[in-house]
Amino acid sequence: MAGGGGAAPAPKPDELQPHPVKDQLPNVSYCITSPPPWPEAILLGFQHFLVMLGTTVIIPTALVPQMGGGNDEKARVVQTLLFVAGINTLFQTLFGTRLPAVIGGSYTFVVPTISIILAGRYSNIVDPHEKFLRIMRGTQGALIVASTLQIIVGFSGLWRNVTRRVFLSPLAAVPLVALAGFGLYELGFPGVAKCIEIGLPQIILLVVFSQYIPHALRSEKPVFDRFAVIFSVTIVWLYAYFLTVGGAYKHSPPKTQLHCRTDRSGLVGGSPWIRVPYPFQWGAPTFDAGEAFAMMAASFVSLVESTGTFIAVTRYASATPLPPSVLSRGIGWQGIGILLDGLFGTVNGSSVSVENAGLLALTRVGSRRVVQISAGFMIFFSILGAAGLSFLQFCNLNSFRTKFILGLSVFMGLSVPQYFNEYTSVAGYGPVHTKARWFNDIINVIFSSKPFVAGLVAFFLDNTLHRHNEATRKDRGYHWWKKFRSFKADTRSEEFYSLPFKLNKFFPSV
């Protein structure tokens, strides 16, 4: 009987062959540098705007009432978050990674923001509006300080050295990238179930429009699959509107009416017709060392999560693997985005939108122009009122080392944050509960992030288990990415990631 270590015989011509490894994802209609026609690009940009609008509304809706704000303050915060998201997206696509990545609000910063809301120095303020302003200014100060972490780590080239020299391999990247998307599962169907008669039809219609109708019609021009979000959202919103005006929720509990009715958000009535957000619109920021440290922890977690999402966007845009110098540059510009969040007062920090990264895969359009158009929609409307698993192709899935690292990292990435979240929901505070609130916030924020925990475990195991063995280097897929460690090692990097306006002369990538 042949042992497990011998070389396999050459396959016969009629035998099944494994799928070939692809540096760039095939079957993408438009990659970064090939924009679709303008009418189609505008519709696709609007679709990206619709996708990111959900997070933009959900976060202020959850936080502003706890801060003491009403519908007027909530509408102004949503407008500000949209405005700053549009600016940050333009900066990222023009000067950052240059990937079609949407930069928007991040759930990672919610925990330290709630910690600021519950701080004792605000508990004695009686007037709700004054309390809202004071908490907002405290949040602004914490975000301004936290932004320096990503700015320094990104623009100094430190993150470039980390990702290049500590051997971030495809195997270590799989849990990080996968859980950047899978980590939102707890916000998926639980959110749908809050109004099941509207949420479930939305999911069904999206699947039908994007997957079944195109194959049934076999049309040469993709319409239903490319604009599935617009079709499904329009139909479901009209359905919800007719249920609302027809009195379907007239005698429902207040909570059901809030989630199901189309006239309960308070955003339309609270929004001024024309308003341009501006820096320090809520007053001068205030600074507290403990709150700043907690927000810096969230900034670091956001940095790691965005690294995974940037890698996913690279894949879905059919670009070559992201050179470490370009990734570091993008992290620096994301830090500037968090600085703008603090200056304008968005009550939340920024990171790469996982939802919009998924939309790139759904539409198979990875054009940079489409995302830049979506940034224009964000700014305009603010004024007017599974990629990770694809990296397994670079790894040896017949290796027990690979299976062990993948299994343990994904399990820990899902299990540890779930424990932290369940503990917090029951006890009202995290598992780490010392007298130093800033220390509690740092540890609880870090270990509540699924991508961070999974990436940390995978990174540690991948770089400590038999790393120097030559066969192991091939098992972990490192040799496939080695040629992209330097910006000039592959000619395609210049096409995808070079800066506009000949700025590479002044800010060269290495």
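Tutor: A residue counts as buried when its relative accessible area is under 20%, and as exposed when that area is over 50%, with partly exposed in between. The structure discussed here is a predicted model.

Student: How many of the 28 residues of α12 are buried?

Tutor: Helix α12 covers residues 289–316 and reaches 40 Å from its first C-alpha to its last, which is close to the 40 Å expected at 1.5 Å a residue. Along this span the helix is mostly covered, and the number of its buried residues is 24.

Student: Which residue caps the N-terminal end of α12?

Tutor: The cap is made by a side-chain oxygen that lies 3.1 Å from the backbone nitrogen of Gly 290. Beyond the other end, just after α12, Ser 318 takes a positive phi of about 60°. The residue that supplies the capping oxygen at the N-terminal end is Asp 288.

Student: Which element gives the most residues to the largest nonpolar core?

Tutor: This core has 56 residues, and those with the most contacts inside it are Phe 132 and Phe 310. The elements that give two or more residues to the core include α1 (38–67), α4 (128–155) and α13 (324–344). With 9 residues, the element that gives the most is α12.

Student: What is the C-alpha to C-alpha distance between Ile 383 and Gln 79?

Tutor: Ile 383 belongs to helix α15, which runs over residues 368–384, and at 24% relative accessibility this isoleucine counts as partly exposed. Ile 383 and Gln 79 are 304 residues apart in sequence, yet in space their C-alpha atoms are separated by 7.0 Å.

Student: Which element gives the most residues to the lining of the second largest pocket?

Tutor: The second largest pocket holds about 370 Å³ of space, and of its 18 lining residues the closest to its centre are Ser 210, Pro 214, Pro 222, Asp 225 and Arg 364. By class, the lining has 7 nonpolar, 6 polar and 5 charged residues. The element that gives the most, with 6 residues, is α8.

Conventions
Residues are numbered from 1 along each chain as its sequence is written. This is a predicted model: local features need pLDDT of at least 70, side-chain atom pairs count only at pLDDT 80 or more; totals for chains, interfaces and linings use all residues. Side-chain values use heavy atoms; hydrogens and water are left out. On a 1 Å grid over the protein atoms alone, a cavity is a set of points where a 1.4 Å probe fits but cannot get out, and a pocket is an open set with protein on both sides within 12 Å along at least five of seven lines; lining residues have an atom within 4 Å of a point. Grid points are joined across faces, edges and corners, and a volume is the space filled by probe spheres set on the points. Helices (H or I, at least four residues) and strands (E, at least two) are DSSP runs, numbered from the N terminus. Ala, Val, Leu, Ile, Met, Phe, Trp, Tyr, Cys and Pro count as nonpolar, Asp, Glu, Lys and Arg as charged, and the others, Gly among them, as polar. The expected span of a helix is 1.5 Å times one less than its number of residues. Buried means under 20% relative accessible area, exposed over 50%, partly exposed in between (1.4 Å probe, protein chains only). A polar contact is a pair of N or O atoms within 3.5 Å; within protein, one must be able to donate a hydrogen and the other to accept it, and residues adjacent in sequence count only if both atoms are side-chain atoms. A nonpolar core is a set of buried Ala, Val, Leu, Ile, Met, Phe, Trp, Tyr and Cys residues joined through side-chain atoms within 4.5 Å.
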